[in-house]
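Student: Could we go through the charged pairs in this one together? I'd like to take them one at a time.

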Amino acid sequence: MANQSVELAKECKRLSESCLYTSTSFFIWLRVLRSVRVIFIIVPLLLGAIAGGKLLLGVDANTHQTIIGICALIAGVLPTIYAALKFDDQLGTYARVAGEFKNLQDRFRTAALVSAKKPFEDFEAEVRPLIDRYEAARSVSLTPPEWVFRRAQAKVKKGDYDFDIDTTDR
């Protein structure tokens with residue numbers, strides 16, 4: 001029985017680490033998506049203002065016709081591209097699932113460090129719902145680009161998520 005508890009505690013630590021990397025990847029990608037959203041909002045506004053401003057200010061439209069046309073075209077096309085990419089849908093999903101993985105990271109760590117000291121049956125009973133939540137979170141199948149995961153790995157390995165209590169001799 002003790003061996004089962006040790007193995008389940010190891011698995012909880014693995015799952016906690018997996019949740020750390022996954023949530024970090026998702027939070028990084030979420031920042032990218034939010035930045036893209038801001039760009040897709042501001043750039044068309046600026047281009048539309050440039051195109052409209054030239055006409056409204058009475059600038060010779062023939063001289064700047066190409067610039068006005070390009071600005072107006074891009075200002076009109078960018079919102080359509082953004083809508084087609086469905087970034088807004090992804091924002092909500094990534095935010096929800098990133099939070100779930102971050103919560104699971106803490107729950108699995110607690111299970112490995114605290115619940116593992118209980119009798120195996122009690123320990124397993126506490127871990128089973130966490131594994132079910134983990135599987136549900138993974139079923140969403142979000143896949144940020146590979147470079148995002150590499151960046152998350154570097155961030156974690158650099159120690160950005162280490163706790164002072166774990167790194168000092170108190």
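Tutor: What follows is a talk about salt bridges and the exposure of their residues.
Tutor: This is a predicted model, in which local features need pLDDT of at least 70 and side-chain atom pairs count only at pLDDT 80 or more, while totals for chains, interfaces and linings use all residues. Residues are numbered from 1 along each chain as its sequence is written, and side-chain values use heavy atoms, with hydrogens and water left out.

Student: Okay, how many salt bridges does the structure hold?
Tutor: There are eight salt bridges, each being a side-chain nitrogen of Lys or Arg within 4 Å of a carboxyl oxygen of Asp or Glu.

Student: What does arginine 133 meet in a salt bridge?
Tutor: Its partner is glutamate 100, at 2.9 Å from N to O. This pair links distant parts of the chain, 33 residues apart, since arginine 133 lies in helix α4 (residues 120–138) and glutamate 100 in helix α3 (residues 87–113); helices here are DSSP runs of H or I with at least four residues, numbered from the N terminus.

Student: Switching topic, which residues are linked in a network?
Tutor: Salt bridges connect Lys155, Lys158 and Asp160 in a network. Within it, the closest N and O atoms of lysine 158 and aspartate 160 are 3.9 Å apart; lysine 158 is exposed, at 65%, whereas aspartate 160 is partly exposed, at 35%.

Note on methods:
Helices (H or I, at least four residues) and strands (E, at least two) are DSSP runs, numbered from the N terminus. Buried means under 20% relative accessible area, exposed over 50%, partly exposed in between (1.4 Å probe, protein chains only).
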